[in-house]
Amino acid sequence: MVAPPGQDPLETAAALDAAAGALLDVVARVHDGPDVPVPATQLRALFILERGPVNVSGLAAGLGALTSSASRLCDRLEASGLLRRDTGQDRREVTVRLTADGRRLLERLRVRRREELGRILSGMPAQARQSLVWGLAEFSAAAGRHA
């Protein structure tokens, strides 16, 4: 058992940082699976599109990439059948959205992440799991207030 951190925010931040590393390891294992047809950057784009259709420049902003790079990424995802482009009234404005295959891929990954996290959580005492959920909810609320 790991001793709980003290009330010092820096000590708590170090514990959270370690836990975030463990979470990232779980995500990486799931997302790098042999049946995942796209690399990490393309998955990031799909997760952005999961929130709803955006134009290519909006996708680029979400990725922190150039619009031309996002457009090429969309070419690859469209060829994979995971996204679709829609041209609006102004032909220069192109909206991209997930296809049904793209949604199924993200759902499959979500199920796998939750299964893996469930295996890890099952090794924790029930009270620790309850405290974790409460702490994460509080952290999310605080992060939302500071965003």
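Trainee: Which residues of α2 meet which residues of α4?

Mentor: T41, Q42, A45 and L46 in α2 meet L73, R76 and L77 in α4, where contact means heavy atoms within 4.5 Å. Both elements are DSSP runs numbered from the N terminus, helices being H or I of at least four residues and strands E of at least two. The model is predicted, with local features needing pLDDT of at least 70 and side-chain atom pairs pLDDT 80 or more, while totals for chains, interfaces and linings use all residues. Residues are numbered from 1 along each chain as its sequence is written, and side-chain values use heavy atoms, without hydrogens or water.

Trainee: Why is Q42 counted as buried?

Mentor: Q42 lies in helix α2, and its relative accessibility is 8%. Buried means under 20% relative accessible area, exposed over 50% and partly exposed in between, with a 1.4 Å probe and protein chains only. Q42 therefore counts as buried. Beyond residues up to four places away in sequence, Q42 touches L73, R76 and L77. The buried residues of α2 are Q42, L43, A45, L46, I48 and L49.

Trainee: What makes R91 exposed?

Mentor: The relative accessible area of R91 is 71%, so this residue is exposed. R91 sits in the loop between β2 (83-87) and β3. Its C-alpha atom is separated by 17 Å from that of D75, 16 residues apart along the chain.

Trainee: What makes α3 roughly perpendicular to α4?

Mentor: The axes of α3 and α4 come within 8 Å and cross at roughly 105 degrees; α3 is therefore roughly perpendicular to α4. V56, S57, L59, A60 and L63 of α3 make the contact with T67, A70, S71, L73 and C74 of α4. These divide into seven nonpolar, three polar and no charged residues.

Trainee: Why is α2 also described as roughly perpendicular to α5?

Mentor: The axes of α2 and α5 cross at roughly 100 degrees and come within 11 Å, so the two helices are roughly perpendicular. L43, L46, F47 and E50 of α2 meet L105, L106, L109, R110 and R113 of α5. That contact has six nonpolar, no polar and three charged residues.

Trainee: Which members of the largest nonpolar core touch the most other members?

Mentor: Of its 24 residues, they are V38, L43, L46, L59, L77, V96 and L105. Such a core is a set of buried Ala, Val, Leu, Ile, Met, Phe, Trp, Tyr and Cys residues joined through side-chain atoms within 4.5 Å. Two or more residues come from each of α2 (40-50), α3 (56-63), α4 (67-79), β3 (94-98) and α5 (100-121), and α2 gives the most, with five. Leaving aside neighbours within four places in sequence, V38 is in contact with L43, L46, L77, L82 and L105.

Notes
Axes are lines fitted to C-alpha atoms, for helices over the stretch in contact, and angles run from 0 to 180 degrees between N-to-C directions. Angles under 35 degrees count as roughly parallel, over 145 as roughly antiparallel, 65 to 115 as roughly perpendicular and the rest as oblique. Ala, Val, Leu, Ile, Met, Phe, Trp, Tyr, Cys and Pro count as nonpolar, Asp, Glu, Lys and Arg as charged, and the others, Gly among them, as polar.
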